[in-house]
Amino acid sequence: MLNRVRSAVAHLVSSGGAPPSRPKSPDLPNATSAPPAAPPQAPRSPPARAGSGGATPARTVEARASFSRPTFLQLSPGGLRRADDHAGRAVQSPPDTGRRLPWSTGYAEVINAGKSRHNEDQACCEVVYVEGRRSVSGAPREPSRGQGLCFYYWGLFDGHAGGGAAEMASRLLHRHIREQLKDLVEILQDPLPPPLCLPSTPGAPGSSDSSQLVGPQSCWSSQKEVTHESLVVGAIENAFQLMDEQMARERRGHQVEGGCCALVVVYLLGKVYVANAGDSRAIIVRNGEIIPMSREFTPETERQRLQLLGFLKPELLGGEFTHLEFPRRVQPKELGQRMLYRDQNMTGWAYKKIELEDLRFPLVCGEGKKVRVYDLTQYEHCPDDVLVLGTDGLWDVTSDCEVAATVDRVLSAYEPNDPSRYTALAQALVLGARGTPRDRGWRLPNNKLGSGDDISVFVIPLGGPGSYS
């Protein structure tokens with residue numbers, strides 16, 4: 001339990017005062033506002049209704065009304081009540097009606113054994129179109145769907161102290177990622193290396209008083225290599241940070257309860273990006289081999305530790321250094337332009353407008369660990385190769401090896417071209433972690449305690465049937 005509490009401290013939501021916020025993603029609504037128009041989809045499983053008869057306290061009504069399950073489950077009111085039953089703990093999966101999740105993804109979930117009132121996990125699976133915001137030359141891009149990008153998105157969100165933050169993240173995090181990618185649409189489709197600087201916004205003021213911030217040019221190494229992959233990593237990292245800041249604002253207004261862990265997968269241009277904040281986990285099972293694709297969210301590098309210290313206590317920098325990192329030293333003539341940078345929260349790169357303070361000497365120039373990236377084009381995948389995502393309810397009682405054994409056992413019982421095999425696998429993983437009810441609680445076949453937590457699992461096939469384009 002202590003380890004889980006520690007992991008919760010490092011979850012997606014800031015529990016204390018939020019740092020100065022970054023520029024907001026312009027097209028994102030507040031958590032309480034209506035979402036923008038979206039392509040037609042299955043209706044969201046309706047919220048549970050308060051009981052009839054007699055006055056019900058407003059807080060109780062609000063708590064019950066906030067309970068909902070992922071849209072793609074398509075639960076009726078009766079199905080929602082079954083999903084909320086702690087005694088039966090029925091496993092929930094999308095209906096087998098012919099309309100499947102992208103890539104024939106499998107999904108299954110089950111409510112906890114009574115540790116919280118509702119299932120505080122949430123899940124999201126979307127295909128997201130990104131329209132470029134501007135061209136590399138700085139001119140506004142003419143709207144054209146042919147110039148945009150599509151990415152596939154899966155997310156698991158494990159709520160803590162309430163389900164509000166997880167529900168909010170499941171609705172909005174992929175939109176933050178989309179906003180961060182809008183400036184990169186043309187760059188990511190260009191085989192040339194990413195430009196170091198983007199043109200300044202037309203009419204943006206420069207500054208002639210920059211000499212006092214230009215330090216010595218000594219000990220500066222050559223320009224760092226920045227790849228398209230690292231731009232996507234930076235976009236995902238920035239989206240996590242912006243989601244965190246939005247949650248902090250909503251919590252201060254008492255509009256969102258609790259916090260959440262987040263495990264997200266993005267497929268874009270042939271590569272799978274896995275980002276994790278918290279104690280959920282992702283592994284690839286490929287030809288029987290286990291490939292870890294996530295780790296717990298902890299401070300990982302001296303670079304990030306020193307940058308954080310410089311961010312929190314700028315007086316230690318003496319007005320001569322910046323806690324931000326750039327691929328090379330910023331020049332005064334680049335004021336107003338948008339250059340690649342990263343801060344204490346990032347291992348990838350993003351663009352920011354160069355300001356006077358950015359001309360200071362950088363505090364550190366190190367490399368850090370990246371969001372896990374898996375290149376699908378580098379391997380020949382068979383239909384039994386899968387990426388498994390699970391909240392801690394799965395991993396508390398199931399090892400990576402046990403998951404791999406279940407993958408082999410379940411998938412071998414189905415024809416390779418049967419798309420329902422991945423839902424069956426997700427259900428088997430959830431049932432295996434939940435156990436069966438006995439006199440002393442939910443038990444596994446070895447009589448050890450099963451998971452009493454909410455359990456949510458995605459199974460994403462990495463090869464056949466179907467196409468990834």
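A residue is called buried when its relative accessible area is under 20%, exposed when it is over 50%, and partly exposed in between, with a 1.4 Å probe and protein chains only. Helices (H or I, at least four residues) and strands (E, at least two) are DSSP runs, numbered from the N terminus.

This is a predicted model, in which local features need pLDDT of at least 70 and side-chain atom pairs count only at pLDDT 80 or more, while totals for chains, interfaces and linings use all residues. Residues are numbered from 1 along each chain as its sequence is written, and side-chain values use heavy atoms, with hydrogens and water left out.

Strand β6 (residues 271-277) is mostly covered, with 6 of its 7 residues buried. Two strands are said to pair if DSSP finds at least two bridges between them. Strand β5 (residues 259-268) forms a hairpin with β6, with 2 residues between them. In the turn, L269 has a positive phi of about 50 degrees. Along this pairing, L263 lies opposite N276 of β6. Strand β6 is also joined to strand β13 (residues 372-375), where V272 faces Y374.

L387 is the bridge partner of I284, which links β14 to strand β7 (residues 281-286). L389, in turn, has F458 in β17 as its bridge partner.

Strand β17 (residues 455-461) also pairs with β1. Strand β1 (residues 106-110) has 5 of its 5 residues buried. G106, A108 and V110 point one way from β1, and Y107 and E109 the other way. V110 stands opposite I455 in β17.

The pairings described above are listed here.

| Strands | Sense | Bridges |
|---|---|---|
| β5 and β6 | antiparallel | 7 bridges |
| β6 and β13 | antiparallel | 4 bridges |
| β7 and β14 | antiparallel | 5 bridges |
| β14 and β17 | antiparallel | 5 bridges |
| β1 and β17 | antiparallel | 5 bridges |

**H174 in helix α4**

H174 belongs to helix α4 (residues 164-181). H174 counts as buried because its relative accessible area is 9%. Contact means heavy atoms within 4.5 Å. Not counting residues up to four places away in sequence, H174 touches C124, E126, V128, F151 and Y153.
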